[in-house]
Amino acid sequence: MGISIDVGNTGSDYSYLFQGLSGGNLGNLNFLSDYASIKNGSYSRLMKAYYGTGQGMNTGSSLSSGKGSTTNILDKLLEEKMHPKVSKEVQKANTELTAGLSSLNSAVSTLRNDNTYTDTTDGKSAKDKVVSAMKAYVTNYNNVVTTSKDSTLSSKTAYVANMMSSTAANADKLSEIGVTINANGTLMLNEGKLKEADISKVQDLFSSDNILSYGSMVSSRLQFAGSASGTSSTDNKGTDDKTTSGASSLKADSQALASDELYQKVKDKDGNETDEYDVKKIFATAKSFVNNYNRMFDKAESSANSGVVANLSYIREKTARNTDALKALGISVDGKGRMKIDEDTFKKADMSKVQAFFKDYGSSIATNASLVDYYMTTQAGAANSYTSGGTYNVQGSSRYSGTV
C-alpha cells in the first residue's frame, strides 16, 4: 500500500496511519476511537515488536514491507485493543491498594474499639494506645490514597473517594486531635498535639455506636471496597437495573408525602369537605416510603459508583438529623440505618405535622433518590474520580456537577 510510518516517537498520534488503512473493510475496525491506547504508546510498542527492535525504521518504510501482511498487523492491533496489557506499575498499584484497604480497615477497627481507650494492666496507658493507633491509621490511610490514584480498580477507588469525602467533611474535628489534610489528600499527624488532646474526642470521632461518626463512615466504605471485585475501569457493565426501582419508587413516595394533594380533607357523602384526613391513604404512602427506603439501601449500598455512594450518604445523614422527628411519627431507624414504621403510632399522629415534616424532609430525600436513580441507570459505566480533598468529579453529566 505504500503507507509510511514513523515509530520513533511513542507519544505521537497515529491517526494518520489508521486513516491510510480505511480502504475496504479495514475502516470498520474504527481504531481511531481508541485514543488512550494510541497515546500511551501501546500501538507503537506493538509495531516495534512486530518489526523487530524498531531501530533503523525511517519514514520511508511501508506497511507492506515487513515480516507479514497488513492483515496480520491489524490482527495484532485488534488483539492489543481487546486485551490491553496492564503495566507493571498499575499491577503493583492494584495489588497494593487491595492489601492497603485491609490494613486500613484493621487500623480503623482499633480506633473504634472501646478497649483502645482504657489503660492496661501491664502499664500501657490509653493515651499511648490511642497515639499508636492514630499513627497506624494515618500511615495506612496515606498508602491507600496514594495507591488508589494509580489503580484501575474503579470498583474499589470509588469507595476511597467517598472515604476522602468523609475525611474532608470532618477536617475541623480531625484538626482538633492533630490531624490535617494535605493538598494531595493524604493526612499529616502532629503527634505532640494528639498527645495533648482529650482522647474522648478521638473516641467520639471514631465511635462505633454512631453510624454517622467519621470512623463508622470510613469503616463502611472500606468494607464495601474490600468486598468489591477487582474490576478494572474498562470492565464496567453500564447499568445496574436491580437498584433502579427502589430509588425511583422512593422518589415518588417522597414527592407524594411532600405534596398537598395527599393531605386533602375527606369529603362527606354530600361532597362537603370535613376536618378529617384520609389517614389510611397517608399511612399507606408512608409505609411504601419506608419499604422503598430500605430496599434502595439494601440494593444500592454496595454500589461502586461514586454518584450513588455520595447521595446515599446524604440521605443517611438527613435521616440521622431527623431521627427524633421520625420517631414521633412512629418511624424508627436501627443501627444499620434501616427504617421501621409503627402503624398505630403513625395513625395517631397529627397529620398536619406529618405534612409539615415531609414538606422539607420528603422533598430533600426525593432529590437525592432521583440522583441515585440517575447514576444507577445512566452513569454506572462512567469514570469516577475525585479531587485531593475527597470531593467528587463524576463524569458524564455537567448538569449534576458539584451536586454530589
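**Entry 1: the largest core**

I looked up the largest nonpolar core in this predicted model. It holds 37 residues, and I noted which of them touch the most other members: Met 134, Tyr 137, Tyr 141, Met 163, Ile 177, Val 202 and Phe 206. I then listed the elements that give two or more residues to this core, namely helix 5 (88-112), helix 6 (126-148), helix 7 (154-169), helix 10 (199-205) and helix 11 (214-227). Helix 6 gives the largest share, 10 residues.

I picked Tyr 137 and asked what it touches, not counting residues up to four places away in sequence. I found Leu 104, Ala 107, Val 108, Leu 111, Leu 187, Phe 206, Tyr 214 and Val 218.

I went on to helix 13, which covers residues 279-300. I read its buried residues as Ile 282, Phe 283, Thr 285, Ala 286, Phe 289, Val 290, Asn 292, Tyr 293, Asn 294, Met 296, Phe 297 and Ala 300. An α-helix has 3.6 residues a turn, so residues three or four places apart point the same way. I also checked the length of helix 13: its 22 residues reach 31 Å from the first C-alpha to the last, close to the 32 Å expected at 1.5 Å a residue.

**Entry 2: helix 7 against helix 14**

Two packed helices are described by the angle between their axes and the distance between the axes. For helix 7 and helix 14 (residues 306-321), I noted axes that come within 9 Å and cross at roughly 35°. I have the crossing down as right-handed. Which residues make the contact? On helix 7 they are Ala 158, Tyr 159 and Asn 162; on helix 14 they are Ser 306, Val 309, Ala 310 and Ser 313.

I looked at how covered helix 14 is, and 12 of its 16 residues are buried. I listed several of them, including Gly 307, Val 308, Asn 311, Leu 312, Ile 315, Arg 316, Lys 318 and Thr 319. The four contact residues of helix 14, Ser 306, Val 309, Ala 310 and Ser 313, are also on the buried list. Its end C-alpha atoms are 23 Å apart, which agrees with the 22 Å that 16 residues should span at 1.5 Å a residue.

**Entry 3: the whole protein**

I closed with totals. The protein has 17 helices and 8 strands. Of its 404 residues, 44% are buried. Among contacts between residues at least 6 apart in sequence, 68% join residues at least 24 apart. I put the accessible surface at about 20,200 Å², with 46% belonging to carbon and sulfur atoms.

Notes: Residues are numbered from 1 along each chain as its sequence is written. This is a predicted model: local features need pLDDT of at least 70, side-chain atom pairs count only at pLDDT 80 or more; totals for chains, interfaces and linings use all residues. Side-chain values use heavy atoms; hydrogens and water are left out. The expected span of a helix is 1.5 Å times one less than its number of residues. Buried means under 20% relative accessible area, exposed over 50%, partly exposed in between (1.4 Å probe, protein chains only). Contact means heavy atoms within 4.5 Å. Accessible areas come from the Shrake-Rupley method with a 1.4 Å probe; for residues, only the protein chains shown count as cover. A nonpolar core is a set of buried Ala, Val, Leu, Ile, Met, Phe, Trp, Tyr and Cys residues joined through side-chain atoms within 4.5 Å. Axes are lines fitted to C-alpha atoms, for helices over the stretch in contact, and angles run from 0 to 180 degrees between N-to-C directions. A crossing is left-handed if the near helix is turned anticlockwise from the far one by less than a right angle, and right-handed if clockwise.
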